[in-house]
Amino acid sequence: PTVFNSSKLEFSRYTNCGDGVYEHVFGMHNMATDPNVGPPSDTLDYLNTLWWGVRTSTFRDIVRSNSSSPYLAKVDALPDWASVGLLSVSETAGYSVFAEHVRLESPNYPLPCGSSTGDGSKVSCSDPMSVPLVLEIIAGPPSDPDPCTLEESPAKKRKGKNLTHPHTPIEESPASSMDLPTFRCRLNTTANINGGLESETPQYLTLVNTNTKAILSLHPLRGVTAWSREESGVNFFIFSPAENTTTVANINEKFPAGTILRVEYEPLYQLPCGDGTGNVVDCSSPSSLGQPVISIIGDCEKSADYTNLYGKIVARCRILPTVPVNSGDPYMPLTFVSNNTNAQI
């Protein structure tokens, strides 16, 4: 055996931070004396420093910290080893992040404006009499201080008697008719807008806490029931999340009292066009046969080969004959919505 007396002490710590996040902290301590004085001595420079790698087919995005800025810089596209060079640790904030998909800010969704009459109607924001909408969440009364609550569905309301207006039919929103969990959050005084955003065309909206950057994706078809419905002098923002498992506790944790919400949107994903041979061509090209139509027939099945390749379950579904497109976009997070049941995945 080779006798080697190392003057370097290494340590590593792994922490499960929850929500799919793992932290790996490592450090080194050089216990050597000054090399100019004599042995034992060791210079930590290149090959004798700690290093590790990740599977880029899974962790496709890398963001780097900066010692002079609180913001992370995304490394895109990922360069090869030879072109990277060395980055001094002192130039970073001491950490880097490897992720499946880094969410970047999306375009802001233009909030509607209400009428200065307070009748609940929408008007053009260019109208000098319009009132802008501000989604600032406030706490409830001392008896019920949580800013957001679960909206009771009209189906449940019908089980009891409406003592205030016993002969008035209860208005049912498409969201409640689909049995989606719907929530209402109290708003600071703002424009009265009874209408929402309920469309047969998917609208991918995301609520963003402008302070903490916490986000919540809304249902693509029944996202907003009412932007700012006034009830008994209080304005309520009524909405349905994309995930059916979202609870009122989740909502209040993400958006506590004092939160000002920003609404972002994701443009609809445009399917590629094919030329009939499986190749992708520009949709304006004379050789284009248009976009494929994804009409599923039969049951879908697990694709073992692609599941092993990407490290996560990949399904394959048979579809009706359409324009063939052999390539895909495996690293793009997409949502598929059924035009029959509105189910999504």
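Start with a torsion: the link of cysteine 273 and cysteine 283 has 100° about its S-S bond, and that makes it right-handed. The two sulfur atoms are 2.0 Å apart. A disulfide here is a pair of cysteine sulfur atoms within 2.5 Å.

Ground rules next. This is a predicted model, where local features need pLDDT of at least 70, side-chain atom pairs count only at pLDDT 80 or more, and totals for chains, interfaces and linings use all residues. Residues are numbered from 1 along each chain as its sequence is written, and side-chain values use heavy atoms, with hydrogens and water left out.

Back to that link. Strands (E, at least two residues) and helices (H or I, at least four) are DSSP runs, numbered from the N terminus.

Are these two cysteines buried or exposed? Cysteine 273 counts as buried, at 3% relative accessibility. Cysteine 283 is partly exposed, at 46%. The cut-offs: buried is under 20% relative accessible area, exposed is over 50%, and partly exposed is in between, with a 1.4 Å probe and protein chains only.

How many disulfides does a search of the whole structure find? Four. Number the bonded cysteines of the protein in sequence order, and the pairing reads 1-2, 3-4, 5-6, 7-8.

Take cysteine 148 and cysteine 185. They are joined by a disulfide, S to S 2.0 Å. The torsion about that S-S bond is about 110°, so this disulfide is right-handed. Cysteine 148 belongs to strand E9 (residues 148-150) and cysteine 185 to strand E10 (residues 183-187), so the pair ties together parts 37 residues apart in sequence. Both cysteine 148 and cysteine 185 are buried.

Now cysteine 300 and cysteine 317. Their disulfide has an S to S distance of 1.9 Å. The link is right-handed, with 110° about the S-S bond. Cysteine 300 is in the loop between E18 and E19, and cysteine 317 is in the segment after strand E20 (315-316), so parts 17 residues apart in sequence are tied together. At 40% relative accessibility, cysteine 300 counts as partly exposed. Cysteine 317 is partly exposed too, with a relative accessible area of 36%.

On to the sheets. Three strands form an open sheet in the order E7-E6-E8, with antiparallel pairing. Which strands stand at the edges? Strand E7 (122-123) and strand E8 (130-132) do; each has a single partner strand, so one side of each has no neighbour in the sheet. Strand E6, residues 113-115, pairs with E7 over two bridges, in the antiparallel sense. Two strands pair if DSSP finds at least two bridges between them. Cysteine 113 has valine 123 in E7 as its bridge partner.

Next, strand E14, residues 222-231. Eight of its 10 residues are buried, so call this strand mostly covered by the definition of buried. E14 runs antiparallel to strand E15 (residues 234-239), and five bridges join them. Opposite arginine 229 stands phenylalanine 236 in E15. The hairpin of E14 and E15 has two residues between the strands, and serine 232 there takes a positive phi near 55°.

Stay in E14 for serine 228. At 0% relative accessibility, serine 228 counts as buried. What does serine 228 touch, leaving aside its neighbours within four places in sequence? Its contacts (heavy atoms within 4.5 Å) are Leu133, Leu187, Thr190, Ala191, Asn192, Ile193, Asn194, Asn235 and Phe236. For leucine 187, 41 residues away along the chain, the C-alpha separation from serine 228 is 7.6 Å.

The structure holds one cavity of 30 Å³ or more. A cavity is a set of points, on a 1 Å grid over the protein atoms alone, where a 1.4 Å probe fits but cannot get out; lining residues have an atom within 4 Å of a point. Points are joined across faces, edges and corners, and a volume is the space filled by probe spheres set on them.

The largest cavity contains about 40 Å³ of space. Its lining is Leu197, Gln203, Leu205, Leu218, His219, Pro220, Leu221, Arg222 and Gly223. That lining divides into five nonpolar residues, three polar and one charged. Nonpolar covers Ala, Val, Leu, Ile, Met, Phe, Trp, Tyr, Cys and Pro; charged covers Asp, Glu, Lys and Arg; the others, Gly among them, are polar.

Notes:
On a 1 Å grid over the protein atoms alone, a cavity is a set of points where a 1.4 Å probe fits but cannot get out, and a pocket is an open set with protein on both sides within 12 Å along at least five of seven lines; lining residues have an atom within 4 Å of a point.
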